[in-house]
Protein chains: 2
Amino acid sequence: MVLHVHDFVTYQHTGWKVLNMELKVPPANLRQFCMDLLVGARVPPTDARVVATVLVDASLDGIDTHGVSRLPVYLKCLQNGRINPVPEIKVARSAPAAAVLDGDHGLGQLVAVRAMEQAITLAAEAGVGVVAVRHSNHFGAASYYCKMAVARNMIGLAFSNSAPGIPPWGGRRAYFGTNPVAFGFPAANSPVMVDMSLTKAARGNVILAAREGTPIPAGWALDAAGRPTTDPREALAGAVLPFGGPKGYALALAVEVLCGVLSGAGYGPRVGWIYDDGVQPADVGHFFIAIDIASLMPLSEYISRMESMKAEVTAVPAAEGAAPIRLPGERRRAAAVSRSREGIPMEPALLSELNELAVRLNVATLIH
Amino acid sequence: MVLHVHDFVTYQHTGWKVLNMELKVPPANLRQFCMDLLVGARVPPTDARVVATVLVDASLDGIDTHGVSRLPVYLKCLQNGRINPVPEIKVARSAPAAAVLDGDHGLGQLVAVRAMEQAITLAAEAGVGVVAVRHSNHFGAASYYCKMAVARNMIGLAFSNSAPGIPPWGGRRAYFGTNPVAFGFPAANSPVMVDMSLTKAARGNVILAAREGTPIPAGWALDAAGRPTTDPREALAGAVLPFGGPKGYALALAVEVLCGVLSGAGYGPRVGWIYDDGVQPADVGHFFIAIDIASLMPLSEYISRMESMKAEVTAVPAAEGAAPIRLPGERRRAAAVSRSREGIPMEPALLSELNELAVRLNVATLIH
């Protein structure tokens, strides 16, 4: 196994700029390692391959907060029964273009891939397909599922709820999840990928700051008493604020209804937080939409129009002092290109934790 | 005709708090007046009734910027040919659950009602229906179309692009429309209605401020050179900022693709601004989704879950100094109740303008 360890011993603490870290792992090796760990935790190999692929894709894209860094908590939950390693995923209710998928408390990445596959199948027949998902778990980076649609010349939309993070506007206690919203739009070469949580900053960044003991910017969060805080541990016990104030609240509510209320999943405080000591299933809900472009417009015409839009948007003159205009998804694509070539930077603490888990699960460690 | 004119002569200028005005018109009378004006501008009576109903519904809901106040510019455009009074609206392309509607440059409210009707029909058969719309015009308040779905026990989503208002993040020139986003969620009594533009403040508020000569808050807009401004006329010549910074930009782009690129409508600067002196059709695009709840979950179960969520959200303790928590749509519903009873407040300048148009169109004025 080839590893590029330039500065492992003299590693300097770098806040959440994990891009600065010097330990880099080839993606194929990291994918195999993740897969081995999941299999070690009783996940069937075909399912483990799916989940490892989604996790490493997020890490490749530079979304370290939603990639391989989540594996330790998933493994803990697979072992204590909170996540079902062998779910029987099934369609609970279906119409010609709409379905509800019951994830049987399996790994969120697995359940979400199956759900978007179903949405794509429906859209191929009906022009559009929507799939609401119940009894799932944290699904990582929402953009992966949109990429699946984009690969089929479809527009993909992906939504999820999560454990309470965002309060209703004017409230002091979290009710809604951080509720990611993602869109994927095919284009000639580089699709436009929108992926955001509805918080001012993703809770993954707060988790990472808590882990590293660094403060978070003002305006991100409230403590448990509803007061503004810059302490990430207080923020995790309190609430994170939505972007856009009351408009962000309204969007968080809309996503909670689609993913939680309508699907039969948990909603509000019924959604569990897998970092606490409980063992109840998290019962996360998702909502996916696939739109078959060719049902609405000849694909070549759509592509040509998208490329015009992309060119026009990036040609808008920059405001004084602003950086050149970027299209959503550009930064991640650049990260994926560089990380595919140079390897995925890994926080040494994470690698140690995963290697310790490997020993316990009787799986080959990443560094022998 | 009964009018409640309490203080017409001593009317005080009240900024954009049009709720404070004292001239109030019964909704049925205002609807008939709007309909007469549209018929006077060669709109067929059945179509005029639809458009008048949508306009007065927005005014009833207290959305004065998107209701009857838009009628003068619509009438101007109907007369100069920019808006087609007798459109041949037709389905341009269709799949079992998806369609493109060609609005033939008719009034946006008419085209949008036809499109949501189509989405509802598709959803009744397939569980979900999506309709992309080309060659339309400003459709007023997006929530009206979501209410149509809600009345059929469906979740409604409505999106539109509009003339350039929002720049790409870091850009100095507007490219995207203000791009409203609306959701309607059925409930036992009071549905949850989300309706927002993607700007920090609706451009309608900027138009109203320009009309009244009042400044706009800092942070809403840029002037034509990309500098922050509080002058509403400079803002209309420049750009309005999205809420949520780069996240708002990404949402504006997503809505522009769905409504403009995918539908075959205008997008970016191809969308016309009906307040300028041009006569080219605005070529606005919309996108509608209807989701049939019963396809996914027994309706009674969904309703019970929604009511639980509503009760729980409003029971979250308020932050220090904050007002009680409101659900999206509550304020509009309260306005509609009070305006149904007491009449719709009208700005005297608007009433004068409409009455002058009535004389020119040979239609009965609202005050004889």
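This is a predicted model: local features need pLDDT of at least 70, side-chain atom pairs count only at pLDDT 80 or more; totals for chains, interfaces and linings use all residues.
**Interface of chains A and B**

Chain A places 77 residues in contact with 77 residues of chain B. The size of an interface is often given as the accessible area lost when the parts come together. Between chain A and chain B the area buried is about 6400 Å². Carbon and sulfur atoms give 71% of that area.

Polar contact across the interface of chain A and chain B amounts to 28 residue pairs, with both residues at pLDDT 80 or more. On the side of chain A that touches chain B, helix α8 of chain A (residues 246-261) gives the most, with twelve residues. By residue class, that side of chain A divides into 52 nonpolar, 13 polar and twelve charged residues.

The count of salt bridges between chain A and chain B is two. In a salt bridge between B:Arg270 and A:Glu312, the closest N and O atoms are 2.4 Å apart.

**Salt bridges in the whole structure**

Over all chains, a search of the structure finds 30 salt bridges.

| A:Arg233 | A:Asp231 | 3.4 Å |

A:Lys310 and A:Glu307 both belong to helix α9 of chain A (residues 299-314), where they are three residues apart, about one turn of the helix. A:Lys310 is buried, with a relative accessible area of 10%; A:Glu307 is partly exposed, at 27%.

In chain B, B:Arg114 and B:Glu117 are separated by about one helical turn because they are three residues apart in helix α4 (residues 108-126). B:Arg114 is partly exposed at 29% relative accessibility, and B:Glu117 is partly exposed with a relative accessible area of 35%. Elsewhere, A:Lys24, A:Arg341 and A:Glu342 are joined into one network by salt bridges that share partners.

**Cysteines**

A disulfide is a covalent bond between the sulfur atoms of two cysteines. How many disulfides does the structure hold over all chains? The number is zero. For A:Cys34, the closest cysteine sulfur is in A:Cys77, 16 Å away, and therefore too far for a bond. The cut-off for a disulfide is 2.5 Å between the sulfur atoms. A:Cys77 is likewise in no disulfide, the sulfur of A:Cys34 being the nearest to its own. A:Cys34 is buried, with a relative accessible area of 0%, and A:Cys77 counts as buried at 0%.

A:Ser136 is placed in strand β5 of chain A (residues 128-136). Is A:Ser136 buried or exposed? A:Ser136 is buried, with a relative accessible area of 0%. Its side chain is joined to that of A:His286 by a polar contact of 2.7 Å. Leaving aside neighbours within four places in sequence, A:Ser136 is in contact with A:Gly106, A:Gly108, A:Val111, A:Ala282, A:Asp283, A:Val284 and A:His286.

**Helix α6 of chain A**

Helix α6 of chain A (residues 203-212) is mostly covered, with seven of its ten residues buried. These buried residues are A:Arg203, A:Gly204, A:Val206, A:Ile207, A:Leu208, A:Ala209 and A:Glu212. What do the buried residues of α6(A) pack against? They pack against α7 (232-237) and β11 (239-240) of chain A. After α6(A) comes A:Gly213, which has a positive phi near 70°.

**Surroundings of B:Asn355**

Helix α12 of chain B (residues 348-360) contains B:Asn355, which counts as buried at 12% relative accessibility. Not counting residues up to four places away in sequence, B:Asn355 touches B:Phe33, B:Thr365, B:Leu366 and B:Ile367. From B:Asn355 to B:Arg341 the separation is 14 residues in sequence and 24 Å in space, C-alpha to C-alpha.

Methods: Residues are numbered from 1 along each chain as its sequence is written. Chains are lettered from A and ligands numbered from 1 in the order in which they are written. Side-chain values use heavy atoms; hydrogens and water are left out. Contact means heavy atoms within 4.5 Å. Buried area is the accessible area (1.4 Å probe) that two parts lose on being put together, summed over both. A salt bridge is a side-chain nitrogen of Lys or Arg within 4 Å of a carboxyl oxygen of Asp or Glu. A polar contact is a pair of N or O atoms within 3.5 Å; within protein, one must be able to donate a hydrogen and the other to accept it, and residues adjacent in sequence count only if both atoms are side-chain atoms. Helices (H or I, at least four residues) and strands (E, at least two) are DSSP runs, numbered from the N terminus. Ala, Val, Leu, Ile, Met, Phe, Trp, Tyr, Cys and Pro count as nonpolar, Asp, Glu, Lys and Arg as charged, and the others, Gly among them, as polar. Buried means under 20% relative accessible area, exposed over 50%, partly exposed in between (1.4 Å probe, protein chains only).
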